[in-house]
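Me: I am new to this structure and would like to know how its features get their names. Could you walk me through them?

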Amino acid sequence: MQEEVENRTLTLIVSGTKFTGRLLKAAIAKYLAHRKEKKLQKKRDTPVKPQGKQTVKQLIGQNQGVSNLEITDPSIKEFERIARKYGVDYAVKKDRSCTPPKYLIFFKARDADALTAAFTEYTQKKGQKKDRPSVLETLDKFKALVKNTVMERSKRKERER
């Protein structure tokens with residue numbers, strides 16, 4: 001028990017003519033700033049491994065084999081949301097040589113199972129959206145119905161006794 005306490009103690013040497021509480025506070029603040037700087041420098045030295053959406057160059061640089069799939073659907077944002085959910089590392093490249101642009105999705109070969117699950121969910125969501133009517137379209141229909149109905153607003157000036 002005594003050794004644990006000794007290992008966790010800190011020796012702080014401060015030289016000054018008059019030792020006050022302010023001097024001690026300043027010394028501790030400098031020490032904490034020094035520790036924080038050391039911690040940040042240690043983080044900067046370690047290379048960061050990108051996850052999720054990244055560039056093709058970064059994906060190839062991980063040396064794990066790259067595969068690709070082709071999507072012609074322009075709403076690629078939904079796929080990105082689902083891929084993030086499944087934790088797939090991927091890169092999207094837009095091919096503008098075609099009239100409707102194609103999207104090439106590059107992913108790691110080891111993520112193939114997770115990507116197939118993500119694609120099945122993506123295709124299911126695309127199928128659901130086609131079946132569901134648009135809220136704005138139904139609202140426009142009801143607006144037209146209300147506009148076409150004529151309401152009688154004639155006043156009766158008869159007194160009942």
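Reply: Gladly! Let us start with the rings: the structure holds one aromatic pair.

Me: What makes Phe 119 and Tyr 122 an edge-to-face pair?

Reply: Their ring centres are 6.3 Å apart and their planes stand at 85 degrees, so the pair is edge-to-face. The rule is that rings of Phe, Tyr and Trp (its six-membered ring) pair if their centres lie within 6.5 Å, with planes under 30 degrees apart called stacked, over 60 edge-to-face and the rest tilted. Before we go on, please note that this is a predicted model, where local features need pLDDT of at least 70 and side-chain atom pairs count only at pLDDT 80 or more, while totals for chains, interfaces and linings use all residues. Residues are numbered from 1 along each chain as its sequence is written, and side-chain values use heavy atoms, leaving out hydrogens and water.

Me: Where do Phe 119 and Tyr 122 lie?

Reply: Both are in helix α5 (residues 112-131), three residues apart, which is about one turn of the helix. Helices (H or I, at least four residues) and strands (E, at least two) are DSSP runs, numbered from the N terminus. An α-helix has 3.6 residues a turn, so residues three or four places apart point the same way. Phe 119 and Tyr 122 are also both buried.

Me: How do you know that Glu 80 counts as buried?

Reply: Buried means under 20% relative accessible area, exposed over 50%, and partly exposed in between (1.4 Å probe, protein chains only). Glu 80 has 7% relative accessibility, so Glu 80 counts as buried. In helix α4 (residues 77-86), the buried residues are Glu 78, Phe 79, Glu 80, Ile 82 and Ala 83. Just after α4, Gly 87 takes a positive phi of about 70 degrees.

Me: Why is the contact between Glu 80 and Lys 53 called a salt bridge?

Reply: A salt bridge is a side-chain nitrogen of Lys or Arg within 4 Å of a carboxyl oxygen of Asp or Glu. The side chains of Glu 80 and Lys 53 meet at 3.2 Å, N to O, and form a salt bridge. Glu 80 lies in helix α4 and Lys 53 in the loop between α2 and α3 (56-60), so the pair ties together parts that are 27 residues apart in sequence.

Me: How many salt bridges does the structure hold?

Reply: There are three. One of them joins Lys 102 and Glu 70 at 3.4 Å, N to O. This pair links distant parts of the chain, with Lys 102 in strand β3 (residues 102-108) and Glu 70 in strand β1 (residues 66-71), 32 residues apart. Another joins Glu 121 and Lys 85 at 3.0 Å, N to O. Here Glu 121 is in helix α5 and Lys 85 in helix α4, 36 residues apart.

Me: Are Glu 121 and Lys 85 buried or exposed?

Reply: Glu 121 has a relative accessible area of 14%, so Glu 121 is buried. Lys 85, at 57% relative accessibility, counts as exposed.

Me: What makes Lys 102 partly exposed?

Reply: Lys 102 has 23% relative accessibility, so Lys 102 counts as partly exposed.
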